[in-house]
Amino acid sequence: SQAEGGFEFQNVTFQYPSRPEVTVLDNISLSIPANKHTALVGLSGSGKSTIAGLVTRLYDPVDGKILFDGHDLREVNVRDLRSYLSLVQQEPSLLDRSLLENIAHGLMNSSNPDHERLKMALMSSDLTEVAREVREGQDLMAAAEKRGAEIVEVVKMACHAAKLADADTFISALQHGYGTMVGSSGRLISGGQKQRVSLARALVKDPAVLILDEATASLDSRSEQRIQRAIAGIASGRTMITIAHRLSTITSADNIIVMSKGRILEQGTHAELMAKEGAYFDLVK
């Protein structure tokens with residue numbers, strides 16, 4: 001069963017259990033339609049990141065309810081829900097493995113029945129071996145082909161995801177390409193590169209819902225433009241939720257929701273909100 005990927009917040013109120021006196025979301029209702037790009041903006045503490053936490057069910061609302069494709073989110077199996085979602089965070093953590101393994105790892109929690117048969121291949125040491133052979137000078141596809149059809153498929157999917165995330169070019173230029181070891185906590189590659197690898201990892205399972213939580217906050221503007229272009233190319237045909245610090249990344253969103261202190265101030269397209277000269281206009285200025 002493939003999810004459409006639309007969310008509906010109905011009178012949602014939320015406080016963190018550790019700070020019950022602070023209302024993070026104050027009786028908000030909003031729609032995140034399927035296959036559209038919805039952006040959430042606002043100053044720190046406006047509640048926008050909390051929405052990502054609620055959508056992924058790290059938390060449940062204190063009051064009100066959230067629907068996913070018309071079903072109450074509390075009644076949706078968490079594992080099923082998360083198998084449809086991919087989340088890219090501000091500080092992505094990579095595994096101390098090859099770039100190939102890091103990207104392919106995104107298939108592990110996929111619910112797509114086509115991916116089920118790839119899980120055994122992912123659990124084996126085959127990808128590690130392929131990466132090692134690539135570091136020893138072998139061709140990536142040749143190393144994959146020795147290990148059977150499933151591994152070939154995984155490698156092709158990883159390369160395709162890397163292309164979508166605008167990571168393929170820099171990876172191919174590295175001495176060991178996809179066999180390159182990331183190093184502990186990804187030290188070997190730059191922040192922008194790391195972010196594109198984590199975007200590729202998020203895309204490899206072709207998720208119904210892609211959530212980008214401040215995913216470009218720590219990047220320089222050139223890296224950010226590259227990620228922006230990549231994002232524009234992957235938004236079609238899936239639900240995208242962007243939680244943005246920098247407004248330049250979301251000008252093309254279908255709907256921009258402007259939040260402040262747990263409430264919605266205004267929403268609309270970039271052009272509509274600029275024309276209103278309200279809160280969004282002030283943020284952009």
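I start with Arg132, which forms a salt bridge with Glu136, the closest N and O atoms being 3.0 Å apart. By salt bridge I mean a side-chain nitrogen of Lys or Arg within 4 Å of a carboxyl oxygen of Asp or Glu. Before going on, the conventions: this is a predicted model, where local features need pLDDT of at least 70, side-chain atom pairs count only at pLDDT 80 or more, and totals for chains, interfaces and linings use all residues. Residues are numbered from 1 along each chain as its sequence is written, and side-chain values use heavy atoms, with hydrogens and water left out.

How exposed are the two partners? Arg132 counts as partly exposed, at 31% relative accessibility, and Glu136 is exposed at 55%. The cut-offs are under 20% relative accessible area for buried, over 50% for exposed, and partly exposed in between, with a 1.4 Å probe and protein chains only.

The next pair is Asp206 and Arg238, whose side chains meet in a salt bridge at 3.0 Å, N to O. This pair links distant parts of the chain, 32 residues apart: Asp206 sits in the loop between H10 and E7, and Arg238 in the loop between H11 and strand E8 (239–244). Helices (H or I, at least four residues) and strands (E, at least two) are DSSP runs, numbered from the N terminus. Asp206 is exposed at 52%, while Arg238 is buried at 6%.

Third, Lys276 and Glu266 form a salt bridge at 3.7 Å, N to O. Lys276 belongs to helix H12 (residues 270–276) and Glu266 to strand E10 (residues 263–268), so the pair ties together parts ten residues apart in sequence. Here Lys276 is exposed at 53%, and Glu266 is buried at 8%.

Back to Arg132: salt bridges with shared partners join Glu129, Arg132 and Glu136 into one network. The count by this rule is twelve salt bridges.

Now helix H10, residues 191–203. Its 13 residues reach 18 Å from first C-alpha to last, close to the 18 Å expected at 1.5 Å a residue; the expected span is 1.5 Å times one less than the number of residues. Why call H10 largely enclosed by the rest of the structure? Because eleven of its 13 residues are buried. Among them are Lys194, Arg196 and Arg201, along with Gly192 and Leu203.

What do the buried residues of H10 pack against? Their partners are strands E6 (85–88) and E7 (209–213), and helices H3 (99–104), H8 (149–164), H9 (168–173) and H11 (221–234). Contact here means heavy atoms within 4.5 Å.
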